[in-house]
Amino acid sequence: LELLTPHQFRVLQLMSDGLLNKQIAYALQVSESTIKQHVSAVLNKLGFNNRTQAGVMFKSVMTIVEEE
């Protein structure tokens, strides 16, 4: 997760909550195209094939961090 920019991290948070690109774009007040670029960057940096894998990993990591 350290590889992600703050914007990419926020996009991953919202993806893990099940939001669609359009909903994330609205929440962050950016274009859907920008969100698509962030999603692609997140998946590439973390080595995942899809947003579901990334979201599950994020939720798992955040659960561990919260328990510490």
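Modeller: Let us begin with aromatic pairs. Rings of Phe, Tyr and Trp (its six-membered ring) pair if their centres lie within 6.5 Å. By this rule the count is 1 aromatic pair, and its members are Phe9 and Phe58. The model is a predicted one, in which local features need pLDDT of at least 70 and side-chain atom pairs count only at pLDDT 80 or more, while totals for chains, interfaces and linings use all residues. Residues are numbered from 1 along each chain as its sequence is written, and side-chain values use heavy atoms, with hydrogens and water left out.

Biologist: What makes the pair of Phe9 and Phe58 stacked, tilted or edge-to-face?

Modeller: Planes under 30 degrees apart count as stacked, over 60 as edge-to-face and the rest as tilted. The centres of Phe9 and Phe58 are 5.4 Å apart, with 70° between the planes. The distance therefore lies within 6.5 Å and the angle is over 60, so the pair is edge-to-face.

Biologist: Which parts of the chain does this pair tie together?

Modeller: Phe9 lies in helix α1 (residues 6-16) and Phe58 in helix α4 (residues 51-67), so the pair joins parts that are 49 residues apart in sequence. Helices here are DSSP runs (H or I, at least four residues), numbered from the N terminus.

Biologist: Why is Ser16 called buried, and what does Ser16 touch?

Modeller: The relative accessible area of Ser16 is 14%, so Ser16 counts as buried. Ser16 lies in helix α1. Contact means heavy atoms within 4.5 Å; not counting residues up to four places away in sequence, Ser16 touches Gly55, Phe58 and Lys59.

Biologist: What makes the approach of the Ser16 side chain to Gln13 a polar contact?

Modeller: A polar contact is a pair of N or O atoms within 3.5 Å; within protein, one must be able to donate a hydrogen and the other to accept it, and residues adjacent in sequence count only if both atoms are side-chain atoms. The side chain of Ser16 reaches the backbone oxygen of Gln13 at 2.7 Å, and that distance is within 3.5 Å.

Biologist: What makes a set of residues a nonpolar core, and what is found here?

Modeller: A nonpolar core is a set of buried Ala, Val, Leu, Ile, Met, Phe, Trp, Tyr and Cys residues joined through side-chain atoms within 4.5 Å. The largest such core has 15 residues, and among those with the most contacts inside it are Val11, Ile24 and Ile35. At least two residues come from each of α1, α2 (21-28), α3 (32-46) and α4, and the largest share, 5 residues, from α3.

Biologist: How do you know that the length of α3 agrees with expectation?

Modeller: The expected span of a helix is 1.5 Å times one less than its number of residues. For the 15 residues of α3 this gives 21 Å, and the end C-alpha atoms are 21 Å apart, so the values agree.

Biologist: Why are the buried residues of α3 said to line one face?

Modeller: Those residues are Ile35, His38, Val39, Val42, Leu43 and Leu46. They fall within an arc of 130° seen down the axis of α3, and therefore line one face; the arc is that of the directions from the helix axis to the C-beta atoms. The face turned away carries the exposed residues Gln37 and Asn44. What covers the buried residues of α3 includes α1, α2 and α4.

Notes
Buried means under 20% relative accessible area, exposed over 50%, partly exposed in between (1.4 Å probe, protein chains only).
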